[in-house]
Amino acid sequence: MKKTAAIIVTYNRKELLAENIEHLLGQSLRSQMDIIVIDNASTDGTRESLQPHLQANEIIYLNTGANLGGAGGFQYGMRYAAEHHYDFLWVMDDDSMPSPNALEELLKWDQKLSGNYGFLSSKINWTDGSICNMNIQKVSISKKVTDFTSDCVPIVTGTFVSTFFPVERIFEFGLPIKEFFLWCDDLEYTRRISRKYPCYLINTSTVTHKSAGNIGSNIAADEYERLNRYCYAYRNEIYFFRREGIRGWSYCFCRLLLHLTRVILKAKDHRAERLKIILTSTWKGFFFHPEIEYVQTCYDFPEKGTHRSSIFSQDNGFPKPFATNHSFFGKI
């Protein structure tokens, strides 16, 4: 039987994580899935709150030893799953609440497509049942999906709220770029794959994203305390769009002008600082050239499930079992 690794990245949100795990435990194909929690060194008692699940042998818990951001956390978890011989990787944030048949539908479409795809992405709703605006997949670099009724819709990007990969794609395309830290790591990674393989939104697989709001990211409207997060967004987007050639640069330039204008006309406070973040972070993006890490397969790794319900934490950010010759990561 093929096995899926459900990979959840969390940081100081133990209540949402607990709800996410309950939804995963309620999956119709629970027996075909291992739940892997990647804890970015939370300080809110996340580890202690998971003790009942650990004692019940319901989850695998990995502590990164440091806050690697969403990008680093997903890279960490996907590396672990690939090296432990899982057949599929199902990645999501800790505030993702999959419906009971979400995994079943993804696996069903894996069979229908005969594995001929890069990734599958679930339909993402917000808490009121409407489409979650910040997670709408795209059919092109500049155009969002509008068809949420057809069972299967071609797309080019998706977010890590509920994305499903055959493990072969991880070996072929490498891992998410940990240096992104926050924002755009999922768009970059899914687009990296969709440039070669057809990819699809599966509307019959649904997930509720319990985000605080449903307006998406907006530097002109966001709270002052959250502004520093946008430094990653604008820097990372330059890396993302420049790979698309003239079309990518054109879209990026128009989008940048829109955001600058929005701040000037609509920002409620700290206009100068918001404009500075956009401009300086965009400039940094031109000099941002992170390397893509690859999982090598020239060694026999421990069988999947060997470390089930074990806890790994090491200062260098790798699980202890991988601090030996059993794991090498190539770069280009």
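A salt bridge is a side-chain nitrogen of Lys or Arg within 4 Å of a carboxyl oxygen of Asp or Glu. In this predicted model, the side chains of Arg-255 and Glu-237 meet in such a bridge, at 2.6 Å from N to O. Arg-255 lies in helix H9 and Glu-237 in helix H8, so the pair ties together parts that are 18 residues apart in sequence. The two partners can also be described by their cover. Glu-237 is buried, because its relative accessible area is 15% and the limit for a buried residue is under 20%. Arg-255 has 24% relative accessibility, so this residue counts as partly exposed.

The protein as a whole has 332 residues, and buried residues make up 53% of them. Its secondary structure consists of 10 helices and 12 strands. The protein exposes about 14400 Å². Carbon and sulfur atoms supply 54% of that area.

Side chains of opposite charge can pair when their charged atoms come close. The count of salt bridges in the protein comes to 19. One of them joins the side chains of Asp-34 and Lys-3, at 3.8 Å from N to O. Asp-34 sits in strand E2, residues 33-39, while Lys-3 sits in the segment before strand E1, residues 4-10. The pair therefore ties together parts that are 31 residues apart in sequence. Asp-34 has a relative accessibility of 4%, so it counts as buried. Lys-3 is buried too, with a relative accessible area of 18%.

A further salt bridge forms between the side chains of Glu-244 and Arg-191, at 2.9 Å from N to O. This pair links distant parts of the chain, 53 residues apart. Glu-244 is in the loop between helix H8 (230-242) and helix H9 (245-266). Arg-191 is in helix H7, which spans residues 185-194. Both Glu-244 and Arg-191 are buried.

Strand E2, which holds Asp-34, also pairs with a neighbour in sequence order. E2 and E3 run parallel, and five bridges join them. Within this pairing, Val-37 has Tyr-61 of E3 as its bridge partner. Strand E3 covers residues 59-63 and is mostly covered, with five of its five residues buried. In a regular strand the side chains alternate between the two faces of the sheet. Both faces of E3 are covered. Ile-59, Tyr-61 and Asn-63 are buried on one side. Ile-60 and Leu-62 are buried on the other.

Cysteines were considered last. A disulfide is a covalent bond between the sulfur atoms of two cysteines. The structure holds zero disulfides. Cys-254 is in no disulfide, and the nearest cysteine sulfur, that of Cys-252, is 9.4 Å away. A disulfide requires the two sulfur atoms to be within 2.5 Å. Cys-254 has a relative accessible area of 51%, so this residue is exposed. Cys-231 has 29% relative accessibility and therefore counts as partly exposed.

Terms used:
Residues numbered from 1 in each chain as written. Predicted model: local features only at pLDDT ≥ 70, side-chain atom pairs only at ≥ 80, totals over all residues. Heavy atoms only, no water. Buried < 20%, exposed > 50% of the residue type's maximum accessible area, 1.4 Å probe, protein only. Helix = DSSP H or I, 4+ residues; strand = E, 2+ residues; numbered from the N terminus. Areas by Shrake-Rupley, 256 points an atom, 1.4 Å probe, with all protein chains shown as cover. Pairing = 2+ DSSP bridges.
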